[in-house]
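Subject: Structure for you to look at

Hello,

Here is the structure we talked about, with the sequence alongside.

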Amino acid sequence: MAAAVAHCWGLPTKLKTLSLSNAAACKPLGFSSNTSSINLFCRGFVSGRPVQMSPNRQSIVGGAATKKKPDSAAKRVREAEKRRAYNKARKSEVRTRIKKVLEALEVLGEKTDAKPEEVVPVEKLIAEAYSVIDKAVRGGTLQRNIGARRKARLARRKKAVEIQRGWYTPAPAAASTV
């Protein structure tokens, strides 16, 4: 510690004896307002010790102004808006398909002279609705259990219409032996 203090006390004498051949070429740093630090940098001092430089080589202190990075928060807002629009369209399509199936099942349930073959177009609508729901779940728009619940509701409604018409008879529940 004493050697470091002695070295610091001897600094002004070393500054007086140091001379650079091209001291006029050394310009002050633009980001510093302290003139004593400018003189230290111009004379080749960084931390109190002289820096050996060749006469042909100039050292550059500081850095070039870098281009400002784009604001990540603004990018997150743009991405969120894209996802919101995509998810909104996908959810709307799911609701539309479910609504079409439910309307077709309601019409089929209200018909007095309906035949079992008239279920086929409704089954195609249900298959399309299942496909859209599965794609929404796979894409992350709908949560997995929500997709499963909506598909189960469609299946229950179709089964209810088939039972009402007499086209389907559920199997009797097996008695459990406990």
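In this predicted model, α4 and α6 pack at an angle of about 10°, and their axes are 10 Å apart. Angles under 35 degrees count as roughly parallel, so α4 is roughly parallel to α6. On the α4 side the contact is made by Val94, Ile98, Val101, Leu102, Leu105, Leu108, Gly109 and Glu110. On the α6 side, the residues that meet them are Arg150, Leu154, Arg157, Lys158, Val161, Gln164 and Arg165. Sorted by class, this contact of α4 with α6 has eight nonpolar, two polar and five charged residues.

The next pair is α5 and α6. Their axes come within 9 Å and cross at roughly 170°. Angles over 145 count as roughly antiparallel, so α5 is roughly antiparallel to α6. From α5, the residues in this contact are Val119, Glu123, Ile126, Ala129, Tyr130, Ile133, Asp134 and Val137. From α6, they are Arg144, Gly147, Arg150, Lys151, Leu154, Ala155, Lys158 and Glu162. The contact of α5 with α6 divides into eight nonpolar residues, one polar and seven charged.

As for the whole chain, the protein has six helices and zero strands. Read from the N terminus, the order of elements is α-α-α-α-α-α. The protein has 178 residues, and buried ones make up 16% of them. Take the contacts between residues at least 6 apart in sequence: 65% of these join residues at least 24 apart.

Now the nonpolar core. In soluble globular proteins, nonpolar side chains tend to be buried together. The largest nonpolar core in this model has 16 residues. Those with the most contacts inside this core are Val94, Ile98, Val101, Leu105, Leu108, Val122 and Leu154. Which elements give two or more residues to this core? They are α4, α5 and α6. Of the elements, α5 gives the most, with seven residues. Leaving out residues up to four places away in sequence, Val101 touches Leu125, Ile126, Ala129 and Leu154.

The last topic is charge. Side chains of opposite charge can pair when their charged atoms come close. How many salt bridges does a search of the whole structure find? The count is eight. Three of the pairs are described here.

Arg84 and Glu81 form a salt bridge through their side chains, with an N to O distance of 2.9 Å. These two residues are three apart in helix α4, which covers residues 72-110, so about one helical turn separates them. Arg84 has a relative accessible area of 44% and is partly exposed. Glu81 is also partly exposed, at 42% relative accessibility.

Glu128 and Arg97 also meet in a salt bridge, again 2.9 Å from N to O. This pair links distant parts of the chain: Glu128 is in helix α5 (residues 119-138) and Arg97 in helix α4. The two are 31 residues apart in sequence, but their C-alpha atoms are 7.5 Å apart in space. Are these residues buried, exposed or in between? Buried means under 20% relative accessible area and exposed means over 50%. Glu128, at 39%, is therefore partly exposed. Arg97, at 25%, is partly exposed as well.

Lys151 forms a salt bridge with Asp134, and the closest N and O atoms are 2.8 Å apart. Lys151 lies in helix α6 (residues 144-165) and Asp134 in helix α5, so the pair ties together parts that are 17 residues apart in sequence. Both residues belong to the contact of α5 with α6 described above. Lys151 has a relative accessible area of 23%, which makes it partly exposed. Asp134 is partly exposed too, at 32%. Elsewhere, salt bridges that share partners join Glu93, Arg97 and Glu128 into one network.

Regards

Definitions and conventions. Residues are numbered from 1 along each chain as its sequence is written. This is a predicted model: local features need pLDDT of at least 70, side-chain atom pairs count only at pLDDT 80 or more; totals for chains, interfaces and linings use all residues. Side-chain values use heavy atoms; hydrogens and water are left out. A salt bridge is a side-chain nitrogen of Lys or Arg within 4 Å of a carboxyl oxygen of Asp or Glu. Helices (H or I, at least four residues) and strands (E, at least two) are DSSP runs, numbered from the N terminus. Buried means under 20% relative accessible area, exposed over 50%, partly exposed in between (1.4 Å probe, protein chains only). Axes are lines fitted to C-alpha atoms, for helices over the stretch in contact, and angles run from 0 to 180 degrees between N-to-C directions. Angles under 35 degrees count as roughly parallel, over 145 as roughly antiparallel, 65 to 115 as roughly perpendicular and the rest as oblique. Contact means heavy atoms within 4.5 Å. Ala, Val, Leu, Ile, Met, Phe, Trp, Tyr, Cys and Pro count as nonpolar, Asp, Glu, Lys and Arg as charged, and the others, Gly among them, as polar. A nonpolar core is a set of buried Ala, Val, Leu, Ile, Met, Phe, Trp, Tyr and Cys residues joined through side-chain atoms within 4.5 Å.
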